[in-house]
Amino acid sequence: MHKDHEGDEERGRGDGGPRDDRAGDGETAGGQRGGGTDDGPRDGREDGGLRGRLVRVGVELVDAEGAQALSLREIARRAGVSHGAPRRHFPTHLDLLSAIARQGFAELAARVAAEDRENAGPRERITLLARVYLDYAGSRRGMYELMFRHDLLESGRLGLRETSLPLFARLTELVARVRPGADPVVVAGALWANLHGIAQLRHWGSLRLATGSADPAPLLAAALDAHLGPAGPTA
């Protein structure tokens, strides 16, 4: 997975260059100060507005160019602020990346909630969840990679590791209903790992190379059968 060279740099020296504390207090990318700066008006809405803008720009950038493009300097440039301005809300590069990744987890959870049907059987609901997961991994590749970057998850910034737990809890509860005699946490974990592997192999091109097709549907069906048992007529 992508090594966060820039993250190491910016944790060591803040923003990739000599520290200028003025940059966090209203200096624009052009070095000007005072009213009318690009950091926003001096009222109570400023800080929240800047924080949200930086995250939105990061989401747009990761979608357009991938996780490797998420430098602190580039996000600040696209947000129209000085490269030191993000430090007001994100003291390190990892803090900003974690905030962007949280948006990805929130969107994935929203997609699952929108597709889930509580009146359906547990096996069908697991299948829907798995399809949404694979679709998200394929359609939001840059964000998906960012969400599971080991350095972000290990850092624990903004509780990022905990953001996937509600979705995993939903999967575990459904697994317990399909396989009441098994350890649902183990089965759900194995199934999640299987889905993650399918998503990665598909992205790398290995799935097509090995199986002759990039369609994950047959592998998904096989994974569900392997972990949940063959589907019955009312599953």
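Buried here means under 20% relative accessible area, exposed over 50%, and partly exposed in between (1.4 Å probe, protein chains only). You're looking at a predicted model, where local features need pLDDT of at least 70, side-chain atom pairs count only at pLDDT 80 or more, and totals for chains, interfaces and linings use all residues. Residues are numbered from 1 along each chain as its sequence is written, and side-chain values use heavy atoms, with hydrogens and water left out.

Start by selecting R140, in the loop between α5 (122-139) and α6 (141-147); helices are DSSP runs of H or I, at least four residues, numbered from the N terminus. R140 counts as buried because its relative accessibility is 11%. Show its contacts (heavy atoms within 4.5 Å): leaving aside residues up to four places away in sequence, R140 touches V59, D63, E107 and R111.

Next, pick L146. Together with I100, L146 has the most contacts inside the largest nonpolar core, which has 57 residues. Such a core is a set of buried Ala, Val, Leu, Ile, Met, Phe, Trp, Tyr and Cys residues joined through side-chain atoms within 4.5 Å. Beyond four places in sequence, L146 touches A67, L70, L97, I100, A101 and L152.

Now move to α9, residues 184-204. At its N-terminal end sits a cap from D183, with a side-chain oxygen 3.0 Å from the backbone nitrogen of V185. Among the buried residues of α9 are L191, L195 and I198, and the cover over its buried residues includes α5, α6, α8 (165-178) and α11 (217-228).

Definitions and conventions. Helix = DSSP H or I, 4+ residues; strand = E, 2+ residues; numbered from the N terminus. Expected span 1.5 Å × (residues − 1). Polar contact = N/O pair within 3.5 Å; in protein donor to acceptor, adjacent residues only side chain to side chain.
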